Amino acid sequence: MDLDASSSSGSSSGSCVEVLPSALLASIFSKLDVPSICSMAATCRTFNSCVSNLLSFIPDFSLLDVALTVDLLRRLLPPNPHLRILKIDCGRLDDLAIVLLARPSVHELCLVECNQFSGLLLSQIGEKCRDLRFVAALIS
């Protein structure tokens, strides 16, 4: 299936998704889980731009199926004052990721495979996450 609008209408205006309102795309994407949202971002520039904006507003970020690197986590977790729930597989993270994980807006934090972190992790979480109601740090 060709999503290029020029093939169906004879114009060279770009892909069909570019004409969809970004608010509509954001509404659709907000119904997806984080792995699906990330998959959508990889499909085209329009979706990538929409997902980048959406990640700044989602309240629940749960990505336990993939061990993220610090660089990928930085791209997936932009500043987001609405983020309340954060669940991450930390198998490939270390103390460099603490600044990305310890966020003032977070109320629930679940870190799996966090054995690469030092004691600084808990110290920073206690200092930065004043409204934290639940924390789980699972080490295997």
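**Close-up views of a predicted fold**

**View 1. Serine 56 is buried, at a relative accessible area of 19%.** Buried here means under 20% relative accessible area, exposed means over 50%, and partly exposed lies in between (1.4 Å probe, protein chains only). Keep in mind that this is a predicted model, where local features need pLDDT of at least 70 and side-chain atom pairs count only at pLDDT 80 or more, while totals for chains, interfaces and linings use all residues. Residues are numbered from 1 along each chain as its sequence is written, and side-chain values use heavy atoms, with hydrogens and water left out. Look for serine 56 in the loop between helix H4 (45-54) and strand E1 (60-67). Helices (H or I, at least four residues) and strands (E, at least two) are DSSP runs, numbered from the N terminus. What does serine 56 touch, not counting residues up to four places away in sequence? The list is Pro78, Pro79, Asn80, Pro81 and His82, with contact meaning heavy atoms within 4.5 Å. Its side chain also reaches the backbone oxygen of serine 52, at 3.5 Å.

**View 2. Histidine 107 and arginine 133 meet side chain to side chain through a polar contact of 2.6 Å.** That term covers a pair of N or O atoms within 3.5 Å; within protein, one must be able to donate a hydrogen and the other to accept it, and residues adjacent in sequence count only if both atoms are side-chain atoms. Histidine 107 sits in the loop between H6 and E3 and counts as buried, at 19% relative accessibility. Leaving aside neighbours within four places in sequence, histidine 107 is in contact with residues including Arg84, Asp131 and Phe134.

**View 3. Four strands make an open sheet, in the order E1-E2-E3-E4 with parallel pairing.** Two strands pair if DSSP finds at least two bridges between them. At the edges are E1 and strand E4 (134-138), each pairing on one side only. Zoom in on E1 and strand E2 (residues 85-89): they run parallel and are joined by five bridges. Phenylalanine 61, for instance, has leucine 86 in E2 as its bridge partner.

**View 4. The largest nonpolar core holds 37 residues.** Such a core is a set of buried Ala, Val, Leu, Ile, Met, Phe, Trp, Tyr and Cys residues joined through side-chain atoms within 4.5 Å. Among the residues with the most contacts inside this core are Phe61, Leu86 and Phe117. H4 gives the most to this core, with four residues. Follow phenylalanine 117 and you'll find that it touches Cys90, Leu93 and Leu101, among others, not counting residues up to four places away in sequence.

**View 5. Helix H7 (residues 120-128) has Leu121, Gln124 and Ile125 as its buried residues.** Why are they on the same side of H7? They cover an arc of only 100° around the axis, the arc being that of the directions from the helix axis to the C-beta atoms. Helix H6 (98-101) and strand E3 (108-112) are among the elements that cover these buried residues.

**View 6. Glutamate 113 has a positive phi, near 60°, though it isn't a glycine.** Most residues other than glycine have a negative phi. You'll spot glutamate 113 in the loop between E3 and H7, partly exposed with a relative accessible area of 26%.
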